[in-house]
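Morning, everyone. Let me put the model up, and then we'll talk about charged side chains.

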Amino acid sequence: QEEFVVDASGRSKWVMTTKVPLQDSLGHVVGLVGIGRDITARKRADEQIRRQLETLTALYNGAQQLAGSLDSLQ
């Protein structure tokens with residue numbers, strides 16, 4: 001699960017967490033084991049790629065409209 005968290009120092013970051021039950025020898029759940037990995041850099045890179053894709057899509061659509069306008073003038 002990806003979670004947006006604020007750490008003890010007040011910094012915000014993205015963490016990928018995995019949580020599984022901890023069982024005793026009889027199969028009873030006696031706790032929870034959790035592992036977290038900081039994925040902030042990946043999330044920032046994903047966001048940058050998304051913004052670049054939006055920009056490129058807008059440029060492409062604008063070029064297509066311009067080409068269509070030029071075609072209609074001929």
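What follows is a quick tour of the salt bridges.

First, the ground rules. This is a predicted model, so local features need pLDDT of at least 70 and side-chain atom pairs count only at pLDDT 80 or more, while totals for chains, interfaces and linings use all residues. Residues are numbered from 1 along each chain as its sequence is written, and side-chain values use heavy atoms, with hydrogens and water left out.

Now the criterion. A salt bridge here is a side-chain nitrogen of Lys or Arg within 4 Å of a carboxyl oxygen of Asp or Glu. That rule gives 8 salt bridges.

Start with Arg11. Its side chain pairs with Asp7, N to O at 3.3 Å. Buried means under 20% relative accessible area, exposed over 50%, and partly exposed in between, using a 1.4 Å probe and protein chains only. Arg11 is exposed at 57%. Asp7 is buried at 17%.

Next, Arg50. Which residues does Arg50 bridge to? One is Glu47, with the closest N and O atoms 2.3 Å apart. Another is Glu54, also at 2.3 Å between the closest N and O atoms.

Helices here are DSSP runs of H or I, at least four residues, numbered from the N terminus. Arg50 and Glu47 both sit in helix 1, residues 40-73, and are 3 residues apart, about one turn. Arg50 and Glu54 are 4 residues apart in helix 1, again about one turn.

Glu47 is partly exposed at 31%. Glu54 is partly exposed at 46%.

Last, a network. Salt bridges link Glu2, Arg42, Lys43 and Asp46.

Technical notes: Helix = DSSP H or I, 4+ residues; strand = E, 2+ residues; numbered from the N terminus.
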